[in-house]
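Biologist: I have a model open on my screen and I'd like to learn how to read it. Could you walk me through a few features?

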Amino acid sequence: MKERITITDVSARDGLQNEKQAAILSAQEKVDYITMLVHAGLTRIEAGSFVKPSAVPSMANSQEVGELLKPVQEHYPHVTFAYLVPNSKGLARAKDIGAKEVAVFLAVSEQFSKANINQSVDEAFANIAPVITEALSYGMRVRGYLSNIFGYDDLPFSPAKVALRAKQLLDMGCFEASLGDTTGIGKPGTTAQLIDALTAADIPLSKIAMHFHDTFGTAIDNVAVSYEKGIRSFDASVGGLGGCPYANSPKGNLAMEDLVRWCQREAIACDVNAAEMLMAAATFIREKLGK
Ligand code: HMG
Ligand code: MG
């Protein structure tokens with residue numbers, strides 16, 4: 001039997017953050033949608049983002065989402081709802097709604113880091129360290145994103161640099177580093193090279209997740225190579241929705257439906273056990289977004 005994979009759904013966060021309208025979905029609509037994801041079997045779901053509301057208006061109602069999710073959480077205690085936090089202000093908002101898990105997000109490209117969070121890469125790592133420590137002191141789990149893993153406008157593909165920064169996230173207390181192909185430029189060859197660099201840096205692959213965007217349709221091939229190399233944790237987004245509003249040419253994420261189909265084809269177990277509910281969720285969100 002092949003080893004199962006863990007999936008983190010990012011559609012209610014990465015999927016919706018690129019939508020310009022503040023009230024693209026009401027908090028209740030988001031919760032209805034997220035509940036459908038739970039019914040599909042997903043156990044790890046990013047429910048929102050406590051960033052500066054003017055920076056990402058469609059995430060401004062994340063606090064209300066967190067409040068409305070409380071009864072769902074009570075009913076499904078095995079499910080983790082996670083929230084992005086960029087700083088201590090975001091962490092305080094996450095604490096207010098009783099978040100059990102938060103995700104911090106760093107980058108390798110200076111250009112992207114400046115555009116996304118108005119800080120250099122070094123500044124961002126220094127600033128987030130006490131935020132992680134504080135989150136851990138509240139008993140929260142902290143996941144760390146690292147963007148631009150295959151390079152960016154100002155940065156060629158630098159696997160050793162990515163490994164160094166991923167290690168830094170883990171050393172700061174993140175239980176997992178999710179490596180983001182922010183603009184979807186990764187290919188199976190570069191994916192393999194990157195994972196080899198992680199191994200060479202003595203990073204346990206059990207602490208790494210891959211977060212592929214799917215600009216050129218290579219995401220699922222990148223997943224296959226990652227799995228072969230030992231990665232067992234993947235991010236995906238229902239309907240393939242997603243993109244960072246501060247990245248150049250962001251495209252959708254790896255579609256959850258593609259990942260689940262790949263699992264079925266490869267006889268690899270994953271959490272999704274009600275495909276019809278996943279399809280219903282995809283239809284729901286596409287209709288809400290008019291896509
Ligand atoms: P800044 O303007 O430099 O922050 O933004 P500041 O500290 O100078 O504060 C300015 C104002 O914002 C102040 O309000 C703060 O209180 C407020 P004022 O005094 O002017 O009234 N503020 C906040 N309000 C609510 N919640 C907060 C918060 N922080 C400050 N947390 C900052 C810096 C990092 C805050 C901003 O740039 C930001 O929020 N950026 C987030 C951008 C974002 O969400 N990008 C998408 C997520 S990353 C991604 O998608 C990539 C990923 O998917 C992986 C991949 O694909 O690679 C994860
Ligand atoms: Mg992303």
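Biologist: Let's start with Gly186: which residues is Gly186 in contact with, leaving aside its neighbours within four places in sequence?

Modeller: Keep in mind that this is a predicted model. With those neighbours set aside, Gly186 has contacts with Phe150, Asp181, Thr218 and Asn222. You'll find Gly186 in the loop between β6 (176–181) and α8.

Biologist: Is Gly186 buried or exposed?

Modeller: The idea is to look at relative accessible area, where buried means under 20%. Gly186 has 1%, so this glycine is buried.

Biologist: Where is Met59, and what does Met59 touch?

Modeller: Met59 is in a loop too, the one between β2 (44–49) and α3 (62–75). Its relative accessible area is 1%, so Met59 is buried. Not counting residues up to four places away in sequence, Met59 touches Ala12, Arg13, Leu16, Gln17, Lys30, Gly48 and Ser49. For Met59 and Asp271, 212 residues apart along the chain, the C-alpha separation is 26 Å.

Biologist: And Ser11, buried or exposed?

Modeller: Ser11 comes out at 0% relative accessibility, so it counts as buried. Ser11 belongs to helix α1 (residues 11–17). Beyond four places in sequence, its contacts are Leu16, Tyr33, Leu37, Ala236, Ser237 and Val238.

Biologist: How do I read a nonpolar core?

Modeller: In soluble globular proteins, nonpolar side chains tend to be buried together. Here the largest nonpolar core has 95 residues, and Phe81 and Leu179 have the most contacts inside it. Apart from that core lies another, of five residues, including Ala107, Phe112, Tyr152 and Ala247.

Biologist: What does Phe81 contact, neighbours within four places aside?

Modeller: Phe81 is in contact with Ile34, Val38, Ile45, Ala47, Leu69, Val72, Gln73 and Glu101.

Biologist: Last one: how do α7 and α8 cross?

Modeller: For a helix pair, look at the distance between axes, then the angle. The axes of α7 (residues 159–171) and α8 (residues 188–200) come within 9 Å and cross at roughly 50°, and the two helices are therefore oblique to each other. Their crossing is right-handed. On the α7 side, Pro159, Ala160, Val162, Ala163 and Ala166 make the contact, and on the α8 side Gln193, Leu194, Ala197 and Leu198 do.

Technical notes
Residues are numbered from 1 along each chain as its sequence is written. Chains are lettered from A and ligands numbered from 1 in the order in which they are written. This is a predicted model: local features need pLDDT of at least 70, side-chain atom pairs count only at pLDDT 80 or more; totals for chains, interfaces and linings use all residues. Side-chain values use heavy atoms; hydrogens and water are left out. A nonpolar core is a set of buried Ala, Val, Leu, Ile, Met, Phe, Trp, Tyr and Cys residues joined through side-chain atoms within 4.5 Å. Buried means under 20% relative accessible area, exposed over 50%, partly exposed in between (1.4 Å probe, protein chains only). Contact means heavy atoms within 4.5 Å. Axes are lines fitted to C-alpha atoms, for helices over the stretch in contact, and angles run from 0 to 180 degrees between N-to-C directions. Helices (H or I, at least four residues) and strands (E, at least two) are DSSP runs, numbered from the N terminus. Angles under 35 degrees count as roughly parallel, over 145 as roughly antiparallel, 65 to 115 as roughly perpendicular and the rest as oblique. A crossing is left-handed if the near helix is turned anticlockwise from the far one by less than a right angle, and right-handed if clockwise.
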